[in-house]
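Let's take a walk through a protein model together. Have a look at it first, and then we'll go through some of its charged pairs and its greasy parts.

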Amino acid sequence: MKTTYLSSMLKFSVGFLISSASLYGTDFNAGKNIIDTKCIACHVGNTDIGLSRISDQRKTPEGWYMTVHRMKNHGLSLSEEEIKSVVKYLSDTQGLNPNESEPYRYILEQTPNYQETHKNSLLTEVCARCHSEARFSVQRRTSSEWSHLVDFHVGQFPTLEFQALSRDRDWFSIAKDEIVPLLSKSFGNDTNFEKIDANYEGTWSLYGHKLGDGDFSATMSAKKVSNDVYKLTLKGNYLDGREFNATGEAVVYSGYEWRAKLDLDGIAFNQVFKMNPKSQELKGSMFETLHSEEYSYIKGVKSSNTKSVVLGVYPKSIKAGESEVITISGNNLDGKVKLSSGLKINKILEKTASKIVLDVTASSKYDSKQVDLSVGSIKLDKELTVYKKIDALKVFPSYAIARVGDGGGVMPKQHAIFEAIGYLVGNDGKLGTNDDISLGKVDAKWSVAPFDKRAKEDQDIKFAGTMDSFSGRFTPSFAGPNPLRRFGTNNAGNLKVIATYKDENETLKADSHLMVTVQKWVNSPIN
């Protein structure tokens, strides 16, 4: 394992850097030159032989962006364009490998209301009590660098050792003697980074799901304008017929980290994708720049890819005895379409290389039946479900946060968007187990109630915000003191979100927990 920047220099030989420079061109050289002229004021060495502190770390583009911005607190003077060049250089030479970032994509893609599962209580209590576990997991450091990070925390936050979950223990000794070895073992910088060589120019078929709005397909055109920079046009439509269009620009870091800024029908959006180097498929998210809760899950494949791929099927379930239109989106969908028993194809309404639309009828003889789908050589087991009645309803997310905004300051409101998913009991005959069968999103009616006695006494329903009964979208109230509330407090609230769905003669209900709280003033790229 590397322990000093001198040993890490050996990982980045002069020959490697020179050969890489020819790949990255101007952007690469700009970042390299900035580091060699400005960063060496505090860091010993240079980019050819390695730099103290810098060369012992590897990070995502967001991680390097945060690091460079923090250096401005120590007197570094860089323009935004210079910062971008430095981040590009560092991401392309000292990024994370795809398998290293994979478990923590949720933090990079800004997945709303994601609940981390903490496996190590010590890491949770010492590190993840202030920020996410992903924040320290999407970087790699030598043992000495992890130790320096502990020192930095004490220097930056001098009261740290006396705060909650610190004052009841010898925090500094635990951090140095137990946490540093643990981080060094789990996230040590003892693996080489290898930039992926990939060309994104061309047309991409995308399939996604936007929270609250449903599934959509889109065609994205990427035109290369310089090394790792692409101009984008995006044309899509939701499966209910609504259309959208966007233009923008994407930058690729580390060879596989796609970051794009888009203007989508007049609204600023971000894309955060990861390219799978083996399958050559994109997967990630697209969300409003100012409202990350306006969020879509997306996957895509380049149209020139010769592999046949199914990206999405909608809907996932059909009621027994009824007819439905099913849309299959993907790439090279030129094979024969087959469905196993339970669904009958009445007519193929549309068939192109990227989309197949079927008119189907579900058999009435099954209480529930999972149906296989085949398109040529592609076989998707249990892809569709025929059912007579829904057994249960679940609300996602099970816990959500909304934030007041606008009225009391510059921070916009942060909405909360809920979806109701229908479920069938699996083979074990029990609800709430791993073999439950998802039927997909259902059109529930939405309402809110006080979560507890205190919320009822404080009239949180009246002040915290409003729930759209059809879309499941909660809009919080304005920020700042409210003179109409007890003690003139703000419009925070503790609410229960209730979904109600009528399935023939049976009414199903499910609920979720919503905390409406104050603005978040510090919102770094990795929280």
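**A buried charge and its partner**

Glu294 counts as buried, because its relative accessibility is 6% and the cut-off for buried is under 20%. Keep in mind that this is a predicted model. So who does Glu294 form a salt bridge with? The partner is Arg473, and the closest N and O atoms are 2.2 Å apart. The two sit 179 residues apart in the chain: Glu294 is in the loop between strands S11 and S12, while Arg473 belongs to strand S28. Both are also part of a network of salt bridges, along with Lys210, Asp213, Asp240 and Arg242.

Side chains of opposite charge can pair when their charged atoms come close. The model has 36 salt bridges by the rule used here. One of them joins Glu504 and Lys319, at 3.6 Å between the closest N and O atoms. Glu504 lies in the loop between strands S29 and S30 and Lys319 in strand S14, so this pair ties together parts 185 residues apart in sequence. Glu504 is exposed, at 57%, but Lys319 counts as buried, at 14%.

Now for the nonpolar side of things. The largest nonpolar core has 58 residues, and Tyr200, Met220, Leu232, Leu234 and Trp258 touch the most other members. Helix H10 gives the most to this core, with seven residues. Another core, of 28 residues, lies apart from it and includes Val404 and Phe418.

Terms used: Residues numbered from 1 in each chain as written. Predicted model: local features only at pLDDT ≥ 70, side-chain atom pairs only at ≥ 80, totals over all residues. Heavy atoms only, no water. Core = buried A, V, L, I, M, F, W, Y, C linked by side-chain atoms within 4.5 Å. Buried < 20%, exposed > 50% of the residue type's maximum accessible area, 1.4 Å probe, protein only. Helix = DSSP H or I, 4+ residues; strand = E, 2+ residues; numbered from the N terminus. Salt bridge = Lys/Arg side-chain N within 4 Å of Asp/Glu carboxyl O.
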